[in-house]
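Hi there,

Here is the structure I promised to pass on.

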Amino acid sequence: MENTPIFTNDAIVFGILMLCLGFVFYTESQKNKFWKTFYKYIPGLLMCYLLPAIFNSLGIISAETSQTYFISSRYLLPAALVLMTISIDLKAVFNLGWKALIMFFTGTIGIIIGGPIAILLIASFSPETVGGAGFDAVWRGLSTLAGSWIGGGANQAAMLEIYQYNQELYGGMVLVDIVVANIWMAIILLGIGKRQKIDHWLKADNSAINELQEKVQHFSDKIIRIPSLTDLIMILTFAFVAVGIAHWGSEFISTYLTSNFTAVSDPKSPLSSFGSSFFWLITIATIIGILLSFTKAKNYEGAGASKIGSVFIYILVATIGMKMDLTKLFDNPGLILIGLVWMTIHALLLIIVAKLIKAPYFFLAVGSQANVGGAASAPVVAAAFHPSLATVGALLAVFGYVVGTYGAILCTELMKIVATN
C-alpha cells in the first residue's frame, strides 16, 4: 500500500487519539497564564480535531487504514445521541422555533446556488478548471459534492449514479469534499469559542436556547449524585441496548425498503437515501433517546449520562479530525479553489440571513453542519454548545438526508447550464 502510516494497529491508533484528547483536556484545565490565553483563542474542541489531523498528515496514523471512525460513527455516535437525549425537554426543543429551520434551509440554498456561482467565478479566469467533456465534465463530478454537502454519503452516491461521473476521476472530488468540509468545520469550531461576540454582532435572541439549557441544567442539579457502579452499568445498558436496537432496526428497514420499493433501491432515485442504513441508525437512536426521556431513565442524567455521551462525542471528533490530511490542501488547487469559493458563498448567505433574522450563532453553525457535515458532525457541533442540544443537530441532519438528493439535482442542473453555455 502506498503511503502506509507508521501505526496501522487500531489499538495503537485509538491510544494516540486518546492521548490527544487527554492532552487537550488536561492543558485546558490548567490555570497558568499560557494555557488560559491559548484556549481563549483556540477552543479545546478545535484542538481535539486538529491534533489527530496533524498525526494523520505526518503519516503516523491514517483514517485510510483505521476502523476507528467507522466504529465511532456507527456505535459511539448513536450511543451518545441516546445519552444526550435521555434528559431532553422535547417541548423546549420545539420552542427553539422557526429560526432553526430557516437557517437549515438557508444552508441548503447556499449549497444549491454556491455551485453554479463558483463555476462562473472560476471560469472567468481559469475555464479549463471547470471544463471537461462527456462523463469527464467537472460539473458532473461537482454533483457528488452537492449531494454530500446537502445530505450525506447516500446522497453523494446517488449523484454519482445519476450523473455517471468518470469513476477514475471521482477520487479528486472526494478529496475536495474532505478538505473543504473539514476546513469549514474547523472555522465553525473556532467560532464556537467566540460565540458570545458573534451573537452580540448578530443581535441574536438566545432566550429559547438558554431556556432549554437552563431546564436541563436545573433538572440535572436537582437529581445529581455520585454515580455508583450500578448507575454506570445502567447508563451503558441504555446506550448500547439502544445501539443494538438501532442497528437491527436500521438493517431491517433499509433492507425491506430496498427490496420492496424501486424508488428506494434505484441509486439514481431521489428517494434512495431512505435505503441508507446509517440514515435509519441515527433516526432510530434519536427516537429511542426521546422515548426514554419520558421514563424514569431520565434520572440517570444525575449520575452523568450526558457526560458519558460527551466522552463518546469527543472520541468521534478525534476520529473525524484524523480524516483531514493537511498536506493535501494543495494537491488539486483548481478543484479545491472551486470548493472553497462554493463554501464561502454558503457561509456568506448564512451570515446575511442570520443577521437579518437575528438568529444565534448556534443556528448558523448547526444549520450549516446539518447540510455539509451530516449526521456525523451536526450533533458534535450542537453538543459543543451544550450536550442537551445534540438532539437538534441530529434531527436537522436527518432532515438533510431527506432533501439532499432533490437539492443536489437542482444544484447540478444549474451547474450544467453555466458550465456548458
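Below are some notes on a pocket, a helix pair and one further helix. Please keep in mind that this is a predicted model.

Let me start with the second largest pocket, which holds about 240 Å³ of space. Its lining consists of Val 93, Phe 94, Leu 96, Gly 97, Ala 100, Leu 101, Val 392, Leu 395, Leu 396 and Phe 399. Nine of these lining residues are nonpolar and one is polar, with no charged residue. Helix 5 (90–94), helix 6 (98–123) and helix 19 (390–420) each contribute at least two residues to the lining. Helix 19 has the largest share, with four residues.

Next, the helix pair. Helix 7 (residues 138–150) packs against helix 17 (residues 361–372) at an angle of about 130°, and their axes are 4 Å apart. An angle of that kind falls between the perpendicular and antiparallel ranges, which end at 115 and begin over 145 degrees, so helix 7 counts as oblique to helix 17. On the helix 7 side, the residues in contact are Ser 148, Trp 149 and Ile 150, and they meet Ala 370, Asn 371 and Val 372 of helix 17. This contact is made up of four nonpolar and two polar residues, and no charged ones.

Finally, helix 18 (residues 378–385) is mostly covered, with seven of its eight residues buried. The buried residues are Ala 378, Pro 379, Val 380, Val 381, Ala 382, Ala 383 and Phe 385.

Happy to talk any of this over.

Best wishes

Terms used. Residues are numbered from 1 along each chain as its sequence is written. This is a predicted model: local features need pLDDT of at least 70, side-chain atom pairs count only at pLDDT 80 or more; totals for chains, interfaces and linings use all residues. Side-chain values use heavy atoms; hydrogens and water are left out. On a 1 Å grid over the protein atoms alone, a cavity is a set of points where a 1.4 Å probe fits but cannot get out, and a pocket is an open set with protein on both sides within 12 Å along at least five of seven lines; lining residues have an atom within 4 Å of a point. Grid points are joined across faces, edges and corners, and a volume is the space filled by probe spheres set on the points. Ala, Val, Leu, Ile, Met, Phe, Trp, Tyr, Cys and Pro count as nonpolar, Asp, Glu, Lys and Arg as charged, and the others, Gly among them, as polar. Axes are lines fitted to C-alpha atoms, for helices over the stretch in contact, and angles run from 0 to 180 degrees between N-to-C directions. Angles under 35 degrees count as roughly parallel, over 145 as roughly antiparallel, 65 to 115 as roughly perpendicular and the rest as oblique. Contact means heavy atoms within 4.5 Å. Buried means under 20% relative accessible area, exposed over 50%, partly exposed in between (1.4 Å probe, protein chains only).
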